[in-house]
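The sequence and the structure come first, and the discussion follows.

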Amino acid sequence: MPDEIDRILINALTEDSRRTLKDLARISGLSSPSVAERLRRLETRGLLTGYTVTIDPKAFGYQLQAIVRIKPMPGRLPAIERLIQATPQFTECDKVTGEDCFVARLAVRSMEQLDAILDTLIDQAETNTSIVKSTPVKRRLPPLTSPDSDAA
């Protein structure tokens, strides 16, 4: 399990993945070489799997985002999964339990583009689409507490 220093480092990197080792050392109370070693161990253990950049899709012309629930026709699940993976406007997709098999997020430039993408699925799956109006909670980490201290 990660300790409190690991949690401090992960939270600091979540706020700004470009923080320097010097800055992380100041925040954590460790030396820069100690921080570098901690980060290396977190990566090796698979607890820290990457560093990322976030963008504003609208700045790149993607005016709409949609959430699409997808229920493949019998025997079409692998084909639908490949189609989703091959369509770059699908920015996220989860395979889920329940009536639908996939819940996906799309970034599109227009309603026409959304329709065109959904039309590629129409003969292989049922879809239910919702347009995203706003995102009151951006993607974030769950609380990084130890399992013993989780209240909820």
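## Helix α1 and its buried side

A residue is called buried here when its relative accessible area is under 20%, and exposed when that area is over 50%. In this model, which is predicted, the residues of helix α1 that count as buried are Asp-6, Arg-7, Leu-9, Ile-10, Ala-12 and Leu-13. These buried residues of α1 pack against α2 and α3.

The length of α1 agrees with expectation, because its 12 residues should span 16 Å at 1.5 Å a residue and its end C-alpha atoms are 17 Å apart.

## Helix α3

Helix α3 covers residues 32-44, and its 13 residues reach 18 Å from the first C-alpha to the last, close to the 18 Å expected at 1.5 Å a residue. The residues Val-35, Arg-38, Leu-39 and Leu-42 of α3 are buried. They lie on the same side of α3 because they cover an arc of only 95° around the axis. An α-helix has 3.6 residues a turn, so residues three or four places apart point the same way.

The exposed residues Pro-33 and Thr-44 are carried on the face of α3 that is turned away from its buried side. The cover over the buried residues of α3 includes α1 (4-15) and α2 (21-28). Just after α3, Gly-46 takes a positive phi of about 80°.

## How the helices cross

Two packed helices are described by the angle between their axes and the distance between the axes. For α2 and α3 the packing angle is about 95°, and the axes are 8 Å apart. Helix α2 is therefore roughly perpendicular to α3, since angles of 65 to 115 degrees are counted that way. The contact is made by Leu-21, Lys-22, Leu-24, Ala-25 and Ser-28 on the α2 side, and by Ser-32, Val-35, Ala-36 and Leu-39 on the α3 side.

The axes of α1 and α3 cross at roughly 85° and come within 11 Å, and these two helices are therefore also roughly perpendicular to each other. In this pair, Ile-5, Asp-6, Leu-9, Ile-10 and Leu-13 of α1 meet Val-35, Arg-38, Leu-39 and Leu-42 of α3.

## Leu-24 among the helices

Which residues does Leu-24 touch, not counting residues up to four places away in sequence? Leu-24 is found in helix α2 and counts as buried at 1% relative accessibility. With those sequence neighbours left out, Leu-24 touches Leu-9, Ala-12, Leu-13, Arg-19, Val-35 and Leu-39. Leu-9, Ala-12 and Leu-13 are among the buried residues of α1, while Val-35 and Leu-39 are among the buried residues of α3.

## Salt bridges

Side chains of opposite charge can pair when their charged atoms come close. The count for this model comes to 11 salt bridges, under a rule that asks for a side-chain nitrogen of Lys or Arg within 4 Å of a carboxyl oxygen of Asp or Glu. Within helix α1, Glu-4 and Arg-7 lie 3 residues apart, about one turn of the helix, and they form a salt bridge whose closest N and O atoms are 3.8 Å apart. Glu-4 is exposed, with a relative accessible area of 52%, whereas Arg-7 counts as buried at 10%. Elsewhere, Glu-15, Arg-19, Asp-23 and Arg-26 are linked in a network of salt bridges.

Glu-92 takes part in a salt bridge with Arg-105, at 4.0 Å from N to O. Because Glu-92 lies in strand β2 (residues 90-95) and Arg-105 in strand β3 (residues 102-108), this pair ties together parts that are 13 residues apart in sequence. Glu-92 counts as partly exposed at 31% relative accessibility, and Arg-105 counts as partly exposed at 22%.

Glu-92 also forms a salt bridge with Arg-139, where the closest N and O atoms are 1.9 Å apart. Arg-139 lies in the segment after β4 (125-131), so its pairing with Glu-92 in strand β2 ties together parts that are 47 residues apart in sequence. Arg-139 is exposed, with a relative accessible area of 68%.

Terms used: Residues numbered from 1 in each chain as written. Predicted model: local features only at pLDDT ≥ 70, side-chain atom pairs only at ≥ 80, totals over all residues. Heavy atoms only, no water. Helix = DSSP H or I, 4+ residues; strand = E, 2+ residues; numbered from the N terminus. Expected span 1.5 Å × (residues − 1). Buried < 20%, exposed > 50% of the residue type's maximum accessible area, 1.4 Å probe, protein only. Arc of directions from axis to C-beta. Contact = heavy atoms within 4.5 Å. Axes fitted to C-alpha atoms, helices over the stretch in contact; angles between N-to-C directions. Parallel < 35°, antiparallel > 145°, perpendicular 65-115°, else oblique.
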